[in-house]
Amino acid sequence: MVSALVSAVKDLLMVMRVRYGILILTVLTISSLYTILFSPFEYDKISYNVHLPPLSHTASTWPHIFGTDNLGRDVFTRTFYAFALDISCGLTIVALSGLIGLVVGLVSGYLGGIADAVLMRLMDIVISIPGFMLAIAIAAVLGPNIVNAIMAVAIVTVPVYARLVRSVVLSTKESLFVLAAREAGLSSVRIIARHILPHVIPIFITQATMELSNAIIYIAALSFIGLGAQEPTPEWGLMISTARRYIREAWWPAVFPGLAMFLTVLSFNLIGDGLRDYMDPKKRLSMKVVE
Amino acid sequence: MKPLEVRGLTIEYLTHRGWAEVVSEVDLDINERNEILAIVGESGCGKTTLGLAIAGLLPPNARKVHGYVKVFGKDVNSNFNSVKVSMIFQDALTSLNPLLTVGEQIAEIYVHHFGMNKKEAFEEAKKRLNEVGLPASYMNKYPHELSGGQRQRVLIAMAIALKPELIVADEPTTALDVTTQAMVLNLLKSIVKSKSIPMVYITHDLALVAHIADKVAVMYAGQVVEYCEKHTLFKDPKHPYTQALLSSLPRVDTELSELQTIRGEPPLPGSFPKGCRFSPRCPKAFSMCFAEKPAIKGVGSGYVRCHLYG
Amino acid sequence: MASAVLVKTLGLKKYYEVRSKFLKRIVGYVKAVDGIDMEIRKGETLGLVGESGSGKSTLGLVLAKLIEPTDGRYMFSGIDITWKLPRALRGKIRIVFQDPYSALNPRLKIKESLVEPLTSQGFDKKEAVERAVEYLKLVGLSDEHLEVYPHMLSGGQRQRVVIARALITEPEFMILDEPTSMLDVSTQAQILELLKDIKAKKNLTYLFITHNLAVARYISDTIAIMFAGQIMEIANKSTIFTNPLHPYTKSLLSAYPPPDPTFRWLPEIPEGIGNAYDRYEHGCRYAERCSLRRDVCLKLVPELIEVEKGHSVRCHLYIKK
């Protein structure tokens, strides 16, 4: 298992796109870690140094690399704190909706019948409302804070996983080796775990990687309109929203968070894209005869 | 001009381990217009690739490295349009377009290849259907509405619609029931004889060969190991592989107490043994077989590739 | 001295409902298995021969307890197992499928696939692996094959693994559904010899399902000819060939080309351009294709009648009025 994983990662790293994605991500992550550990500025400390342009020097050890925002806070620090926050939110959303979607898809696909009908109609209801509208509605109802925003986005994205998992389950369920497993006396749970899940996981992971970037965008968008993160939380969407008003005087509090978000989403998309191509049967298993 | 002349044909396929030889130095002939040459072999012996090469249909990841295929004196590869070879494939369901009716698919050939208008093309298509034993009412049916045997008949109709100079049939009856198989076999034989179109019939089934072929070529690991008249093959098989193959067949007409097995497995392209390719499994192999590759030795009107005769 | 009857079925049926599109009303049935009465004695190999659409594979799945029958009785060793397989009999009836390329999970090592039938019954993993090695050797492979994945094995080797997986629970009755149809002729010979060998060593009883009469002749003791879900003729393996009674049997036999060019092969080609799925539902199922049909054949389903010892036919030609 481990050696298979290692060779898979090695193969994946051969794809250029994946390399770029990982490169960008690494740079961003290191910057973020460094910032959180060593930045002399605090993300929520208000000061009189309002709208200082990028690379301005003040009394602190570091210059304001990205300048300061409308409340005198260091944009660089806030941008990279937001990196940590947004990615955490993204991961939480993916984990939550992925897990729920996985279970729904497995149950629906394997059991069929009434369970399938009910669950899929539920998914249809969710998916029939435009994602962002539904997320706004849920977040508004629950109350504007970041935890509620996470839940709203998670609910909205469950159907994507559910449908994907269900379709893989449906096709795998018909395989001869599943029938053979049934014949060997395996219980349904064991069949799902040992025979069906291994076929679901690769496609699931690829989708999850793509969904991660979507999740980040959703959270930023909700915060942008005021339904997600609240002040003084450093969150890209929120930062851009606040900076909008002063954009003619100071472009940097809006542009840098946006740039960071763009690069993060791009890197996840590149990795996910590379993963998806890798999963294709282009990687045909060789016919080697063991003597 | 000879209907078919193949000399020294060697074909390689691109695998992830590089180029591997799948057909090696094949020599074959068809001398008469109503002759059927059967190519027999098990899976992986290269017979399908050979069939594709004769039809001029090698895929892009294959290349001919040596030799030639000439149909009525014309090289199959040089000027594609001047040689007409039809191919009938094994799986009729995937060879037919599921969105067009049977009539439309046959008529299409006449419109595109012979420049007929739709009305004339449909009339000709009806005639072809009748020739393969299907009534005109089948013109409007879709492939999924037909049984396997009926679909195969449609494929045959399409093959003869092209007015080919040679037909290559690659295991056309393997996916069919035995009763349907008999019908398709008879149909193919009658077409060859009545329209004087020579045919290369590829199969793994030696029993079929006994009743459809005039000449037989037995293939193993990319090479033709025995090539002779049909009656000679069954009465006096020369190559140990042919002999072993014949003794491993279960029979409907006699009780057998045991089947002869050939130990081991056929070699894969790219990992052929030194010397004779069959030597590791051959019950009659001796020292020279493992060291030297056997050359073709002419026997009667055919040849055999084996040190026992060299 | 005849041995005891191990497997017995009475009127076994499997019907599939055909429903209309809108209201899901039942508009008809696909009668895959339509009243099978058969007996297999301990140590016997019954060859079940049929073309596609005959229902032979469905019957195999029913007997393997993978599909529930619609009607009828299924007795094993005198115990009624029609609806439920008692715990004591788990693993005693096993099936080997036709396709060795899909029967093994491509992501599991051979070892994992082999021990499944045992670990699912609560066996200790270590013991299961030991048994796996024992059975790998029995089918002509070695313990080095434990750690490989299916795609590294040839078709013949995979089928051997599948057979080992079936044998590992020490069954008494094995259903073999076209186990050699997807293999080459020489590999087929190897597997057939292996099956004969194992049957003797392990005292097994076989139901060998095939469309190939030659293979059936080679491996069976008794042969049953199946058409449209019913058994048309059943006899000892020589009698079917020396004295075939049913018109379908004769037609099948004539369709087999023996590998002998001096034999004048004149196959009986069925009338019309029909389908193996064409069956006449109101009387004898073979009526539409039969060149000898009479009025009664279109009205009444003939019973399976014993014409001589061990030889039964389902045909009006042999039913005295």
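A: Axes are lines fitted to C-alpha atoms, for helices over the stretch in contact, and angles run from 0 to 180 degrees between N-to-C directions. Helices (H or I, at least four residues) and strands (E, at least two) are DSSP runs, numbered from the N terminus. This is a predicted model, in which local features need pLDDT of at least 70 and side-chain atom pairs count only at pLDDT 80 or more, while totals for chains, interfaces and linings use all residues. Residues are numbered from 1 along each chain as its sequence is written, and chains are lettered from A and ligands numbered from 1 in the order in which they are written.

Q: At what angle do helix H4 and helix H5 of chain B pack?

A: The angle between helix H4 (residues 118-131) and helix H5 (residues 148-161) of chain B is about 125°, and their axes are 9 Å apart. Angles under 35 degrees count as roughly parallel, over 145 as roughly antiparallel, 65 to 115 as roughly perpendicular and the rest as oblique. H4(B) and H5(B) are therefore oblique to each other.

Q: Which residues in H4(B) and H5(B) meet?

A: Two residues are in contact if their C-beta atoms, placed from the backbone, lie within 7 Å. On H4(B) these are B:Arg128, B:Leu129 and B:Glu131, and on H5(B) they are B:Ala157, B:Ile160 and B:Ala161. By class, this contact has four nonpolar, no polar and two charged residues. Here Ala, Val, Leu, Ile, Met, Phe, Trp, Tyr, Cys and Pro count as nonpolar, Asp, Glu, Lys and Arg as charged, and the others, Gly among them, as polar.

Q: Into which domains is chain B divided?

A: Domain bounds come from an automatic or database domain assignment. For chain B they give domain 1 (4-84 + 167-309) and domain 2 (94-163). The centres of the two domains, taken over C-alpha atoms, are separated by 30 Å. Twelve residues of domain 1 of chain B touch eleven residues of domain 2 of chain B. On the domain 1 side, H6(B) gives the largest share, seven residues. That side holds nine nonpolar, one polar and two charged residues.

Q: How should I read a sheet, and in what order do the eight strands of the open sheet in chain B run?

A: Strands of a sheet pair through backbone hydrogen bonds, either parallel or antiparallel. Two strands pair if DSSP finds at least two bridges between them. In chain B the order is S6-S7-S8-S3-S9-S10-S12-S11, with mixed pairing. Strand S6 (85-88) and strand S11 (296-299) of chain B are the edges, each pairing on one side only. Neighbouring strands of this sheet are turned by 20° against each other on average, direction ignored. Within chain B, strand S3 (residues 36-40) and strand S9 (residues 215-220) pair in the parallel sense over four bridges. B:Val40 has B:Val218 in S9(B) as its bridge partner.

Q: In which sense do S1 and S2 of chain C pair?

A: Strand S1 (residues 5-19) and strand S2 (residues 26-41) of chain C are antiparallel, over twelve bridges. C:Val18 is bridged to C:Gly28 in S2(C). The hairpin has six residues between these strands, and C:Lys24 takes a positive phi near 55° there. S1(C) also pairs with strand S4 (residues 71-76) of chain C, antiparallel over five bridges.

Q: How many residues does the contact take from chain B and from chain C?

A: There are 36 residues from chain B and 36 residues from chain C. H7(B) gives the most to the chain B side, with five residues. By class, that side has 17 nonpolar, eleven polar and eight charged residues.
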